[in-house]
Amino acid sequence: MQTITHPVSAAFRAFPIVRMETAQESTGAQCSSCRFKGLCLPGGLEPSDLALMDGMTFAQRRLQEGEALYHEGEDARFIYAVRMGTLKSSILSRDGREQVTGFPVAGEVLGLDGLATGTHASSVHALEASQVCTIHFATLCELARRSARVQQVITRLLSREIVREQEHMTLLGDSDAGHRLQGFLLNISRRMAERGYSASEFHLRMSRAEIGSYLGMTLETVSRAFSALQRQGVLEVDRKHVRIHDVQALAQAFETVD
């Protein structure tokens, strides 16, 4: 019978296999007890596979506001699951300017960009006090070798990154600045709701300049777009605090093509 090698297993062959670390070396972080496990790496796993992950050592790392998790070009040896807080991913443009590429929050996985070349293709910094679970590539490789379901979960995470990039590119391709900001706010709203928070009222941890970098807009354009949405009665903004009056109406307006 011919053996079919899963593409995820093949990708991990570039990373060295190390001994599985024992539970007593663990910092106490277990996937089964995390409130965001359905959004993170364990999402979709059976109890037996989840128990396998609980036997691994996932060190926790705390980051202060502004602290780097990793830098573009650094060796990629780990992936990181956000346990708490908000971060910012970015790359450097050819002229040395920062281009923001995302705002990861709790339950999302970082560092998958290192699978391709063994080095990180972006930098990640904390926008507030944050905490991540650190998972060695070799440990994840061993998990994938033990469980086909873990391979499927990793494939799902990679697919989710592709979808996120496509959504970002779609926003950047929109010629209407107000429409881009609507899409951005709806994305934040949806992600807050998925994590059990309010979909209509939240605090933006990023600056307007960082929002502009992410959306391909100047700081002045971002400010005008926020002001326009306030005049239309769509939302209220108090510095970084946003309150959307009607999320469904905003979504319908965003989906309407003039």
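Biologist: Which residues of α7 are buried?
Modeller: Keep in mind that this is a predicted model. Here, buried means under 20% relative accessible area. Helix α7 is mostly covered, with six of its eight residues buried. Those residues are E210, I211, G212, S213, Y214 and L215.

Biologist: How do α7 and α8 sit relative to each other, roughly parallel or roughly perpendicular?
Modeller: Helix α7 covers residues 208-215 and helix α8 covers residues 219-231. Their axes are 8 Å apart, and the angle of packing is about 100°. Angles of 65 to 115 degrees count as roughly perpendicular. So α7 and α8 are roughly perpendicular.

Biologist: Which class do five residues in the contact of α7 with α8 belong to?
Modeller: From α7, the contact uses R208, A209, I211 and G212. From α8, L219, V222, S223 and F226 take part. Sorted by class, two of these residues are polar and one is charged, while five are nonpolar.

Biologist: Let's move to the strands. In what order do the four strands of the open sheet come?
Modeller: Five bridges join β1 to β8, and β3 pairs with β8 over six bridges. Strand β3 also pairs with β6, over two bridges. With antiparallel pairing, the order is β1-β8-β3-β6.

Biologist: Which strands stand at the edges?
Modeller: Look for strands with a single partner strand. One side of each is left without a neighbour in the sheet, because each has just that single partner. The edge strands are β1 (59-63) and β6.

Biologist: Is β3 largely enclosed or left open by the rest of the structure?
Modeller: Strand β3 spans residues 78-84. Five of its seven residues are buried, so β3 is largely enclosed.

Biologist: What is the bridge partner of F78 in β8?
Modeller: Strand β8 runs over residues 130-136 and pairs with β3 in the antiparallel sense. On the β6 side, Y80 stands opposite L110. For F78, the bridge partner in β8 is H136.

Biologist: Which helix lies across β3 and β8?
Modeller: This helix covers residues 137-146. It runs at about 60° to β8. The name is α4.

Biologist: Is L140 buried or exposed?
Modeller: L140 is found in helix α4. Its C-alpha atom is separated by 9.3 Å from that of Q151, eleven residues apart along the chain. With a relative accessible area of 1%, L140 is buried.

Biologist: Zooming out, what share of the protein chain do buried residues make up?
Modeller: The chain has nine helices and eleven strands. Its accessible surface comes to about 13,500 Å², with 51% belonging to carbon and sulfur atoms. Of the 258 residues, the buried share is 46%.

Conventions. Residues numbered from 1 in each chain as written. Predicted model: local features only at pLDDT ≥ 70, side-chain atom pairs only at ≥ 80, totals over all residues. Heavy atoms only, no water. Axes fitted to C-alpha atoms, helices over the stretch in contact; angles between N-to-C directions. Parallel < 35°, antiparallel > 145°, perpendicular 65-115°, else oblique. Contact = heavy atoms within 4.5 Å. Nonpolar A, V, L, I, M, F, W, Y, C, P; charged D, E, K, R; others polar. Buried < 20%, exposed > 50% of the residue type's maximum accessible area, 1.4 Å probe, protein only. Areas by Shrake-Rupley, 256 points an atom, 1.4 Å probe, with all protein chains shown as cover. Pairing = 2+ DSSP bridges.
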